[in-house]
Amino acid sequence: TPRPSLKAGFRGIYSLGRKAFVGDMPSLTLPDEDHPLSLMCGVSSLPTSGQALAFDTACLEAGLKILEAPGYVGVLFFPLSYWALMDEGASKSYDRLLRALPADRRNQLGTSVYGVPRQPSVRSMQWLSATLSGVFSNMDLSTAEPDFGVEVLRERMFSSVTFVLPEGSQAIRRAALSRWVSHRDAYKERQLWASVTNVREAAEVAACLALRTPFISGPAVSSLLAQPLGGRTRTIET
């Protein structure tokens with residue numbers, strides 16, 4: 001029997017400084033599911049532990065199709081589950097996933113590791129960085145914690161850490177954004193970008209611009225598109 005088709009798409013990652021989409025990340029709905037999964041649309045859209053390997057695998061397959069066709073010039077970010085990567089039982093599957101990525105396109109390969117705990121261990125971060133750096137030119141950690149324990153990261157251990165804005169009222173979201181930005185100096189000291197996702201309104205885009213957030217993503221930045229946006233200059237509404 002044929003495999004059910006995946007409903008996959010891409011959301012862009014936008015550089016406020018360059019006023020251009022610099023990369024993309026797959027988002028998709030798994031077979032037999034009706035809830036779209038994405039790293040860019042809030043905690044409620046993140047894969048569960050039971051969905052993680054299937055989601056990560058499907059995103060890799062969707063991204064490989066883009067890389068196999070000529071013309072893509074952005075950085076394609078592949079979601080990877082922190083807990084699944086740390087699980088010995090899933091490690092062989094992830095080894096196969098990473099080996100499938102084209103080594104000659106490393107400068108266009110990025111990853112965003114989701115589900116990272118608020119206070120990860122130094123050892124886990126060292127292992128993660130060492131494991132992924134041979135495959136990806138850009139390595140991002142995704143966190144829903146505005147007070148993420150950045151102190152465990154060494155300089156340039158990763159490329160960026162991206163904060164997932166919480167659900168809730170405008171006041172709650174703006175307070176969380178301000179809290180996140182209050183740690184900016186700690187990220188700068190480690191030469192890490194402190195980015196923001198799940199941006200949902202033009203006012204939040206404007207706030208990120210005023211707060212000098214380097215990269216943003218989410219429903220207000222890009223809708224779910226059949227083809228990625230990476231490399232396109234475009235002004236977005238603020």
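Trainee: Where does Ser 38 lie relative to strand E2 and helix H1?

Mentor: Good place to start! Keep in mind that this is a predicted model. Ser 38 sits in the loop that runs between strand E2 (20–29) and helix H1 (52–68).

Trainee: Is Ser 38 buried or exposed?

Mentor: Buried means under 20% relative accessible area. Ser 38 has 3% relative accessibility, so it counts as buried.

Trainee: Which residues does Ser 38 touch, leaving aside those up to four places away in sequence?

Mentor: Those are Arg 11, Ser 27, Ser 45, Leu 46 and Phe 55. Its side chain also has a polar atom 3.0 Å from the backbone nitrogen of Met 40.

Trainee: Now the cysteines. How many disulfides does the count come to?

Mentor: A disulfide needs two cysteine sulfur atoms within 2.5 Å. Here the count comes to 0 disulfides. Cys 41 is in none, as the nearest cysteine sulfur, that of Cys 59, is 12 Å away. That distance is too far for a bond. Both residues are buried, Cys 41 with a relative accessible area of 9% and Cys 59 at 0%.

Trainee: Which residues of H1 are buried?

Mentor: Among them are Ala 52, Phe 55, Asp 56, Cys 59, Gly 63 and Leu 67.

Notes:
Residues numbered from 1 in each chain as written. Predicted model: local features only at pLDDT ≥ 70, side-chain atom pairs only at ≥ 80, totals over all residues. Heavy atoms only, no water. Helix = DSSP H or I, 4+ residues; strand = E, 2+ residues; numbered from the N terminus. Buried < 20%, exposed > 50% of the residue type's maximum accessible area, 1.4 Å probe, protein only. Polar contact = N/O pair within 3.5 Å; in protein donor to acceptor, adjacent residues only side chain to side chain. Contact = heavy atoms within 4.5 Å.
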